[in-house]
Amino acid sequence: MARASARVRNPSGHAGLIDNAIGLISALFAYVETRAALLAVESKALLLQLAAVVLGSLIVGIAHLSGISWTWIALGAGLVHIALAVVCVLLAKARLTGRLYPETRAELKKDQQWLKSLGKTGPQ
């Protein structure tokens, strides 16, 4: 009977003031967190668009100032970009001396030997 009287006093099942306040605050934090995540995604997209516009403007500006076609300036910028990428790869490769993950390599060698031994002992 006690449960029936509790339902009569609180027919909608609402909690007390403290529980409602905590629920409201957690909902507000969830809302702010969602909005912040959306802002982060949109700002990344905007940054990429802005970078593309700035790059295009630089190419057109250099072409206008030098009197050369923008296609040649864009080709030159692309070649400079590729050259910088090659230099970065060569520098990274030069710094990566020595073996990476010796324990992993040892385990892989053990696995290879085990697989070879399976081939020798299997049915022929």
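Modeller: A residue is called exposed when its relative accessible area is over 50%, buried when it is under 20%, and partly exposed in between. Please keep in mind that this is a predicted model.

Biologist: What makes K110 count as exposed?

Modeller: The relative accessibility of K110 is 52%, and the label requires a value over 50%, so K110 counts as exposed.

Biologist: Why is E107 called partly exposed?

Modeller: E107 has a relative accessibility of 42%, which falls between the limits of 20% and 50%, and therefore E107 counts as partly exposed.

Biologist: Why is the contact between K110 and E107 called a salt bridge?

Modeller: The closest N and O atoms of K110 and E107 are 3.6 Å apart, and the criterion asks for a side-chain nitrogen of Lys or Arg within 4 Å of a carboxyl oxygen of Asp or Glu, so the pair qualifies as a salt bridge. A search of the whole structure finds one salt bridge.

Biologist: How do you know that K110 and E107 are separated by about one helical turn?

Modeller: Both belong to helix α4, residues 102-121, and they are three residues apart there, which means a separation of about one helical turn.

Biologist: What makes K116 an exposed residue, and which patch does K116 belong to?

Modeller: K116, which lies in helix α4, has a relative accessible area of 59%; the threshold is over 50%, so K116 is exposed. Together with R105, K109 and K120, K116 forms a patch of positive charge on the surface.

Biologist: Which residues make the nonpolar surface patch, and why does W72 count as exposed?

Modeller: The patch, of about 730 Å², is made by I68, W72, L75, L79, I82, V86 and L90. W72 sits in helix α3, residues 70-95, and its relative accessibility of 58% meets the requirement of over 50%, so W72 counts as exposed.

Biologist: How do you know that the span of α3 agrees with its number of residues?

Modeller: At 1.5 Å a residue, the 26 residues of α3 should span 38 Å, and its end C-alpha atoms are 37 Å apart, which agrees. The same reasoning applies to helix α2, residues 17-66, where 50 residues should span 74 Å and the end C-alpha atoms lie 72 Å apart, again in agreement. Just after α2, G67 takes a positive phi of about 80°.

Biologist: What makes you say that α3 is hardly covered?

Modeller: Among the 26 residues of α3, the count of buried residues is one.

Biologist: How much of the protein chain is buried, and which pattern does the chain follow?

Modeller: Buried residues make up 2% of the 124 residues, where buried means under 20% relative accessible area. The chain has four helices and zero strands, in the pattern α-α-α-α, and its accessible surface comes to about 11,600 Å², of which 71% belongs to carbon and sulfur atoms.

Terms used: Residues numbered from 1 in each chain as written. Predicted model: local features only at pLDDT ≥ 70, side-chain atom pairs only at ≥ 80, totals over all residues. Heavy atoms only, no water. Patch = residues over 30% accessible without salt bridge, like charges linked within 9 Å, V, L, I, M, F, W, Y side chains within 5 Å. Areas by Shrake-Rupley, 256 points an atom, 1.4 Å probe, with all protein chains shown as cover. Helix = DSSP H or I, 4+ residues; strand = E, 2+ residues; numbered from the N terminus. Buried < 20%, exposed > 50% of the residue type's maximum accessible area, 1.4 Å probe, protein only. Expected span 1.5 Å × (residues − 1). Lys, Arg positive; Asp, Glu negative; His and termini not counted. Charge placed at Lys NZ, Arg CZ, Asp CG, Glu CD.
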